[in-house]
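Student: I'd like to go through this one with you, a few questions at a time. Can we put it on screen and start with the aromatic rings?

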Amino acid sequence: MANVEFAGVRKSFGAFPVIKGVDIAIEDGEFVILVGPSGCGKSTLLRMLAGLENISDGEIRIGGRSVNHLPPKERDIAMVFQNYALYPHMTVAKNMAFSLMLNSASKEEIDKRVNYAAGILGLNTLLDRYPRQLSGGQRQRVAMGRAIVRDPQVFLFDEPLSNLDAKLRVAMRAEIKELHQRLKTTTVYVTHDQIEAMTMADKIVVMHDGRVEQIGSPLELYDRPNNLFVAGFIGSPAMNMIKGTLSPSAPDVFISGDGTRLPLPHAFPNAVGKALVYGLRPEYIRLDAAGQPAEVVVIEPTGYETHIVAKFGGTEVACIFRERVQVAPGESITIAIDHQHVHLFDEQTGMRLLD
Ligand code: ATP
């Protein structure tokens, strides 16, 4: 096991910069997820860590040692790919044993490690099958088994669950997390799915356009996003964003474009006169007979909760209510906001205003 550091890392393809100066410190044993929209550079960063792409500038260190010039096989890492990359003509056991055979490990050592990995992943009864005889989830497990047998310092995962259906993705999420809890191997995992990031990571790195927007634990990012990008990216349904300004006479009241008055947890005297965005997570809106009116646009009962989109504050806001709500589109509900949990951002810079 080892820590991993990216220090001032840059990467250009020709004249086109895709990684624009990235610093990330990953501790020994941590499960870190790089998340961001398509094209933000997360796979490129992972591939540079794996040694599959050159670095244009900066340094990558594994266990304190610069790996900039080390070929992949000398980095002591194991990578699990989105398409599993299993050898179709080899059995499950051979697929898992292959890298050990290349390294001339003894038959005894190979059997021991393959059986250990198969035991952890529940593959013992499938060792003689070929990849085509496996389900998607089982293939993914074999790909992980192949990484586990190598007992590397660092596991790298590149969108490993994208090819699975929704139900299996949820099951595999839990399996990978459990695997990490057992093995405690430093893990760097790339996904564009913020739910995957929230549910699995010790630490999330949110990337956008070749840069790191914020690094933190899932709940730090959820509760205190640094900027509008992170606020909008983390959370599902997404944070509601209402544009407006502060009341000049009462800087603890936000006034939306349509004149709706929304109390803030405290005054923001320095933000008077600025264009602002009021951020409100859907679960901090509740039904309240004495609240403010909102017109229902869409109602989505999930059984456990009721999701409603309603016109409010000059925009449409998503609300999540724990109770069942009997209401039809076009009708009005009255809502109240738990204003201790609202966020305020400068619309121009996108930055969070300090609380
Ligand atoms: P996705 O989730 O779609 O895979 P990503 O965040 O992983 O996206 P990367 O694959 O790292 O993004 O790509 C980042 C940028 O680098 C993109 O604009 C992509 O087009 C570009 N890029 C990636 N590989 C190359 C290459 N070999 N040559 C030129 N440009 C590349």
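Predicted model: local features only at pLDDT ≥ 70, side-chain atom pairs only at ≥ 80, totals over all residues.

Student: Is Phe233 buried or exposed?

Tutor: Buried means under 20% relative accessible area, exposed over 50%, and partly exposed in between (1.4 Å probe, protein chains only). Phe229 has 21% relative accessibility, so Phe229 counts as partly exposed. Phe233 has 17%, so Phe233 counts as buried.

Student: What kind of aromatic pair do Phe229 and Phe233 form?

Tutor: Rings of Phe, Tyr and Trp (its six-membered ring) pair if their centres lie within 6.5 Å; planes under 30 degrees apart count as stacked, over 60 as edge-to-face and the rest as tilted. The structure holds six such aromatic pairs. In the one formed by Phe229 and Phe233, the centres are 5.7 Å apart with 10° between the planes, which makes the pair stacked.

Student: Which residue has its charged end over the ring of Tyr222?

Tutor: A charge sits over a ring if NZ of Lys or CZ of Arg is within 6 Å of the ring centre and within 35 degrees of the ring normal. At Tyr222 the charged end sits 3.8 Å from the ring centre, and it belongs to Arg281.

Student: On to the ligand: which element gives the most residues to the shell around it?

Tutor: A residue is near a molecule or strand if one of its heavy atoms lies within 4 Å of it. Residues around the ligand include Phe13, Lys42, Ser43, Thr44 and Glu159. With helices (H or I, at least four residues) and strands (E, at least two) taken as DSSP runs numbered from the N terminus, the top contributor, with three residues, is H1.

Student: How far is an oxygen atom of the ligand from a polar backbone atom of Gly39?

Tutor: A backbone N or O atom of Cys40 lies 3.0 Å from an oxygen atom of the ligand, and Gly41 also has a polar backbone atom 3.0 Å from a ligand oxygen. For Gly39 the distance is 2.8 Å.

Student: Which residue does a cis peptide bond join to Ser236?

Tutor: Omega is about 0° at that bond.

Methods: Residues numbered from 1 in each chain as written. Heavy atoms only, no water. Polar contact = N/O pair within 3.5 Å; in protein donor to acceptor, adjacent residues only side chain to side chain.
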